[in-house]
Amino acid sequence: MARTGTWLLMLPGLLWLGLLMVVPCLLVFVLIFFERGIYGGIDWQAPTLENVTRVFDPLYLSIFWDSAVIAGLSTLVALFIGYPAAYAIAKAPASRQTALLFLAILPFWTNYLIRTYAWIVLLNPAGLINTLLIWTGLRSEPLTLLYTKPAVVLGLVYSYTPFVILAIYSALQRLDPSYAEASRDLGAGAFQTFLRITLPLTAPGVAAGAVFVFVLSIGNFVMPNLLGGGKFQMVGNLIYDQFLSARDWPFGAALSALLIALMMLLLFAQAIASLRARGDHART
Amino acid sequence: MRALNGWLIAVYGFLYLPIAVLMVLSFNHSGLPTAWGGFSFEWYGKLLDNPKIIGAAWNSLVVATWATAISTVLGSLLALGVERSRPSASREALLFAPMIIPDIVLAIALLSFFTLIKFTLGLHSIVIAHVVFNLAFVCAVVRARLKSYDWSLNEASRDLGATAVATFFRITLPLIGPAVLAGALLAFTLSIDEFIIAYFTAGAGQSSTTLPMQIYAMIRFGVTPEINAMATLVMGVSFVMILAAQRLNKGRLPGT
């Protein structure tokens, strides 16, 4: 096919992405350097650096820090749950692996508001868990489970564990089983083989899953609103407020820019790490 | 090994139990999560009598249909073009970005952009926004199929005198059809479930409220048995669509 032909095929799609993704994202970066208008909107006559400095105010930095802690915790728990599950799937008979993996990822494709709502049903004071606790006599009063930070972490873990399983499974599948066999032949125990051979060689998969969970968690505003009851702020809520209630778009844009910068840094670090891991692998 | 399998079963329990509880409760006559009042379709009846929910479901259907139609055409053409041109790192980045960009970032960027160019918000602006990420997913699914496509078939067709258009409709499309359909189903599922971007680009009013927006509004008020019924329906539809997409895609789950 002629070059102009392939260009014509790509043109509508690339234009759509350029005009409706690249341009709007660039616009967000431009917004940062202007003052908000009196009735919301932007005052294009008043360029300023104030939004940039305001983002680094300790108040907002602490919200970033809190969000990072919640996202980090969710990531660790999701890895802890997901790794053994992915390992079990990878060790299952080959004929069953696809079905097992499919079963693990299926919930990921359903509406996440509904999956979050399911936890509200389970966790609320008159919910199933509290009723069970009281019925079995373990507690006399209902526990406060909903609208807490652990509830937010639980919701995030629940939402993103399927992806961790997927990422680690594909790393385990690429792993050459002869490495582990060699290790066992040379006298290492099963646990030592896992710790010194399997785990380091699947590290890129772990990193990919971890970055994904962290990035999706830190910018999430639905979980803190629904399972946290809006009682504490995460970056996602803060950005949401600037755009939909405070109507301070330039400051919201500045917060988003910091969030994106943080994510780019993480994705970049992960890309470098996985390239390096591949390089090491090639040398050995 | 036995401990590992036990762990896997526990993980499946963790993933499916909340969903299962919701589904069971949707048939509970008492409407309470704690007392079984007998099997009933009462809440499904209430749901279908609620004009706000029906309206929102209709809006979601309209948005998902348009977004799917546009993104399937643009995404498939894009895939055909990309697979036949020289690799380009920046183009790959552009095609990958919509899949990883956080929803909230795309949402505020589009809201700012639409407001700046004084574009009226409504269902159509949600469609435009949804095409951005759907396009990338359709393109990825179709490209995966094109990797194993034998381009000499096209040359043979052209040599035998068929036009480029005839070759596309009689050779290429039938061969990549299942992947295109799988991409379309994936786009439809993503679009009908999408909440954050729709929430920001919908503008005000019930006339542009989609089903996830309606669900969000209801959940914030607390637990009502109607949501259980709706959740069961929505999940049923999603599961069927994903199963169909997986079948079409030769057993490969979209995204794997």
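## A tour of chains A and B

Select chain B to begin: of its 256 residues, 47% count as buried, where a residue is buried if 20 or more other C-beta atoms, placed from the backbone, lie within 10 Å of its own, exposed if 12 or fewer, and partly exposed in between. The model is a predicted one, in which local features need pLDDT of at least 70 and side-chain atom pairs count only at pLDDT 80 or more, while totals for chains, interfaces and linings use all residues. Residues are numbered from 1 along each chain as its sequence is written, and chains are lettered from A and ligands numbered from 1 in the order in which they are written.

**Chain B as a whole.** The C-alpha trace of chain B spans about 70 × 60 × 30 Å along its principal axes. Two residues are in contact if their C-beta atoms, placed from the backbone, lie within 7 Å, and among the contacts in chain B between residues at least 6 apart in sequence, 78% join residues at least 24 apart.

**Two helices of chain B.** Next select helix H1 (2-25) and helix H11 (225-248) of chain B, which pack at an angle of about 115° with their axes 8 Å apart. Such axes are lines fitted to C-alpha atoms, for helices over the stretch in contact, and the angles run from 0 to 180 degrees between N-to-C directions. Show the side chains of Ile19(B), Leu22(B), Met23(B) and Leu25(B) in H1(B), which meet Pro225(B), Asn228(B), Ala231(B), Thr232(B) and Met235(B) in H11(B). By class, this contact of H1(B) with H11(B) has seven nonpolar, two polar and no charged residues, where Ala, Val, Leu, Ile, Met, Phe, Trp, Tyr, Cys and Pro count as nonpolar, Asp, Glu, Lys and Arg as charged, and the others, Gly among them, as polar.

**Where the chains touch.** Now display both chains: 63 residues of chain B are in contact with 61 residues of chain A. On the side of chain B that touches chain A, the largest share, 13 residues, comes from H1(B), and the residues of that side divide into 50 nonpolar, eleven polar and two charged.

Select helix H5 (residues 112-123) of chain A together with helix H10 (residues 211-221) of chain B, whose axes come within 10 Å and cross at roughly 15°. H5(A) and H10(B) are therefore roughly parallel to each other, a term used for angles under 35 degrees, whereas those over 145 count as roughly antiparallel, 65 to 115 as roughly perpendicular and the rest as oblique. The contact is made by Leu113(A), Ile114(A), Tyr117(A) and Ile120(A) of H5(A) and by Pro212(B), Ile215(B), Tyr216(B) and Ile219(B) of H10(B), and these residues divide into eight nonpolar, no polar and no charged.

**Chain A to finish.** Last, select helix H12 (residues 235-244) of chain A, which is mostly covered, with eight of its ten residues buried, including Leu238(A), Tyr240(A) and Phe243(A).

Methods
Helix = DSSP H or I, 4+ residues; strand = E, 2+ residues; numbered from the N terminus.
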